[in-house]
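I opened the file to look up a few local features and wrote down what I found. The entries follow in the order in which I took them.

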Amino acid sequence: MNMTRTNKLFAIIIMGAVVLSSCQKLDIKPPNVLSDDQLFSNEAGIETYLAQVYRKLPIEDFTYRPAGRGSDGGFNLHHEWEHFYHAGGACGEMVGPYGGMDIGGGFGYWPYGDIRDVNYFMETLPKYAKNFAGNTVNELIGEAHFLRAYYYFALAKRYGGVPIIRNVQNYPQQSIEDLQVHRDKEEDLWNFIGDDLDSAWNAMPETSVSGRANKYAAAALKSRAMLYAGSIAKYGSLNYVDGDARAQGYVGIPADKAAGFYQKAIDAAKLLDGKYSLYRKTADKVINFADLFLDVQSPENILVRDFYGGEPERMHSWDATMSPNSGMNYMTGDGLSRCYPTLETVERYGVLNVTNPDGTPIRYNNLSDLWRGTNMEPRLLATIYFPGETLRGKLFDIRRGIYPSFSGTSADEVAKTSRTFVPSGDHTTTYPGDPSMTIIGNAGMYPSSGSDDNTRTGFYVRKYINYKETDIKKIGLFSSTTHWIELRYAEVLLNRAEADIETGQLDDALVCLNDIRDRAGASALTLADMTADVVRNERCKELAFENHYWWDIRRWRIADVLLNNARFHALMPYYIHDEQKYIFLKEPESFQRNYNFDKKFYYEPLPGGELNKNPNLYPNNPNY
Amino acid sequence: MKISISTIVLAVSMLIAGSSCIKKDNYPGPNASLQGNIFQDGTSSKDLVQTCTGNFSIRLEQLDWSSTPTPQDIPVKYDGTYENSELFAGHYRVSIKGGAFWPVAPQEMDIRMGSKLDFQLTPYLVLSGFTADMVDSTTLSIHFDMQAPIDAGVPKVLEMQPFVNTTKIVGPGASIFDFSDANKVAVNKDWANMSASDKSPTIVVSNLIKGRTFFVRVGVRFDNDDKSYNLSDIIQIDVPK
């Protein structure tokens, strides 16, 4: 078809109009954005507003990535399935895809936009108070204080003192100079968090729907935050990096403030007495501890984040990324694993004895003889899958390889530079001359140089694994709906016990710890056991893989000692073919990673982009 | 194909529309450089500024545009020199970052093409009399002495260890774990509390591989901000076959 000149001219005029139209300003209220009049008119509008705030809350759940994902940050990521990028895997609680201690610098978390949403809520809601009956406005303002404290807690534990913004800032009504605020002192920030949580406690209701906080969540968070502040004051005064930010109080808290913070942690924890209790629904202590993370009705849950299908959906992939798929949909219908508990974590519950007095490895008929019928702590078995366990009817038949025969001691064998066991990079190759036996088993270990997708330590994570879903086909990526327990009563008891011990209140600590240990199936402690090391170890065990460990070794200021070019270990199962027995050898995990923590990582660097925008944020944290 | 006027008009108008995105940048490129040496204080010797790549660095802060600039670091190489030949000319604050040396004050200077700046540093401890001898076919015995050029105020000594590697680039971050970190010795003492034997230790490295050549040095680590090391010089060890 031949276009006429008129048509072409017309086309040009249209294009010109399109180009120029960008200069027009649209002055119509967008119909898809809710106005204040709509949002603050009733409780449904408030729920919509707060749903967004809760959704962005910096909860370190399954999907959290401690070093961020590219430029996306690390919280509440869209379409995030690689849950093996777990903080525990960067600091020796586990070993995994992080090449070492790769999370010290964080990802530049700076949620002042989200804090502004909360401040805006606090300032705007009272203007619409007539729309709400009774005490609702007061309760909602209390909830906003909790939410704001939650954001500032996430900032304080990363950076120390950052600017405390209590009101909505506006530009251009306020000048750039006004908006370029200074840092606040670390001590002041922790006190501000405590005050916000007190305001929350005073105003919030006793109960709340799942996924939203009530006043006990505020008290629980306060016990955590004040414990952090206490340990930073006490241990940060002993082990620190000097610099301008420290000299000016932006990082570090005077040591004489420690006791006060610890006492606040204890007082806040005691507010939950009689209101929450440890989960004890099942007599079998292994099942009970496993179920505590699956039962949404647990009396231990103080604040959870729900995951759900439907529209909109919010699902995670914990089940599909923590158990072996083995490239053949073995225990999961999709996905792969890459992060594995270390022997060091396992031995926090007690040293595993896999060696005879003469140094030779103990021979076992079955892998499960390692733990079955022994006095291994139920909590450990509910936290970590050992070789010989089953999940969804499938056996953790983990072997690193098969020895034709074995003699000598474990230590001598591990020290050898050349060893005689037969390895395999797949699950189908059988032992030469024995077609009935695959070399590594269906859940077993690939050679060091091989795929990372099965265990490298002999262990898999059990905590939060939904063993009740037995249909393997349903265990895929973005198919898990297990809720994340952000605050649970056991942590509150541990916060209280630790603060108790730091302040010499040993009787109270003993009661808290023995409650936890009884539920865990561990033996009771005595007053003589009430030391900082004991309560710390108890915390590491009880809260394993719940994204506490990293922050704990930081605030105890022991990370640079624990992660001093550290290497972690595995418990490698082998089969001895001529004896038809299993042995276990303790040896370096087969990623062979080194973990090194610089002292400067006790604080993250302030984000470079923010420093460029606001030079008043200087001095940056020491040694950056 | 016949090109009509309207097509030309369209092309020209799009060019004009697009050209507004182009901004002329007439700033000079990074045509300045800075290099220098790290000497032991009061000498022209680099031998005792025992370092290795990454152990410490030269920190540059360009003060022309901001009083709080983003720093850039030049690592000091293992031969005690440093160089960056792709710098923007300007006024800089130059300081030492890291390393186990007594602090020196930062210097301000204009950096142009071919700028040079040497530093005179005093290590916390000098590791001298370093010997490394094979005591049997695969076992190496290492001995050295520590001396403090300035006694008062040396940071607490945390640990000491050998560094063993297959190349001359050997030190923290460049060593074989099983021969190096595995032989770490905890000290955890203040310099004033260290005995004569503490200051003259012997460390044994065992199970070296027969027939290989290794490069060996020792390091003493301090509990300072960087947990940095003073290092000995390097000895080549040929393990017999």
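Does Asn565(A) count as buried or exposed? I looked up its relative accessibility, which is 16%, so Asn565(A) counts as buried. I keep in mind that this is a predicted model.

Entry: Asn565(A), continued. I checked the backbone here and found phi near 55°, a positive value in a residue other than glycine. I placed Asn565(A) in the loop between H20 and strand S12 (569-576) of chain A.

Entry: Arg557(A). I noted a positive phi of about 55° at Arg557(A), which is not a glycine either. Arg557(A) sits in the loop between helix H19 (549-555) and helix H20 (559-562) of chain A. Its relative accessible area is 7%, so I list Arg557(A) as buried. For context, most residues other than glycine have a negative phi, and most peptide bonds are trans.

Entry: cis peptide bonds. I found a cis bond joining Glu311(A) and Pro312(A), with omega about -5°. Pro312(A) belongs to the loop between strand S2 (301-305) and helix H12 (318-322) of chain A. I also recorded a cis bond from Tyr618(A) to Pro619(A), where omega is near 0°. Pro619(A) is in the segment after helix H21 (608-613) of chain A.

Entry: helix H16. I looked at H16(A), which has 14 residues and reaches 20 Å from its first C-alpha to its last, close to the 20 Å expected at 1.5 Å a residue. H16(A) is mostly covered, and I count 14 of its 14 residues as buried. Just after H16(A), I found Gly504(A) with a positive phi of about 80°.

Entry: H16 against H17. Two packed helices are described by the angle between their axes and the distance between the axes. H16(A) passes H17(A) in a left-handed crossing. On the H16(A) side, I listed Ala490(A), Leu493(A), Leu494(A), Arg496(A), Ala497(A), Asp500(A) and Ile501(A) as making the contact. On the H17(A) side, the contact is made by Leu506(A), Asp508(A), Ala509(A), Cys512(A), Leu513(A), Asp515(A), Ile516(A) and Arg519(A). I sorted the residues of this contact into 10 nonpolar, no polar and 5 charged.

Entry: helix H4. I read helix H4 (residues 112-124) of chain A as 13 residues, reaching 18 Å from its first C-alpha to its last, close to the 18 Å expected at 1.5 Å a residue. Its buried residues are Tyr112(A), Asp114(A), Ile115(A), Val118(A), Asn119(A), Phe121(A), Met122(A) and Thr124(A). I then asked what covers the buried residues of H4(A). The cover includes helix H2 (36-39), helix H3 (43-56) and helix H5 (136-159) of chain A.

Entry: Glu139(A). I placed Glu139(A) in helix H5 of chain A. Glu139(A) counts as partly exposed because its relative accessibility is 27%. Leaving out residues up to four places away in sequence, I found Glu139(A) touching Ala203(A), Met204(A) and Pro205(A).

Technical notes. Residues numbered from 1 in each chain as written. Chains lettered and ligands numbered in written order. Predicted model: local features only at pLDDT ≥ 70, side-chain atom pairs only at ≥ 80, totals over all residues. Heavy atoms only, no water. Left-handed = near helix turned anticlockwise from the far one by under 90°. Helix = DSSP H or I, 4+ residues; strand = E, 2+ residues; numbered from the N terminus. Contact = heavy atoms within 4.5 Å. Nonpolar A, V, L, I, M, F, W, Y, C, P; charged D, E, K, R; others polar. Expected span 1.5 Å × (residues − 1). Buried < 20%, exposed > 50% of the residue type's maximum accessible area, 1.4 Å probe, protein only.
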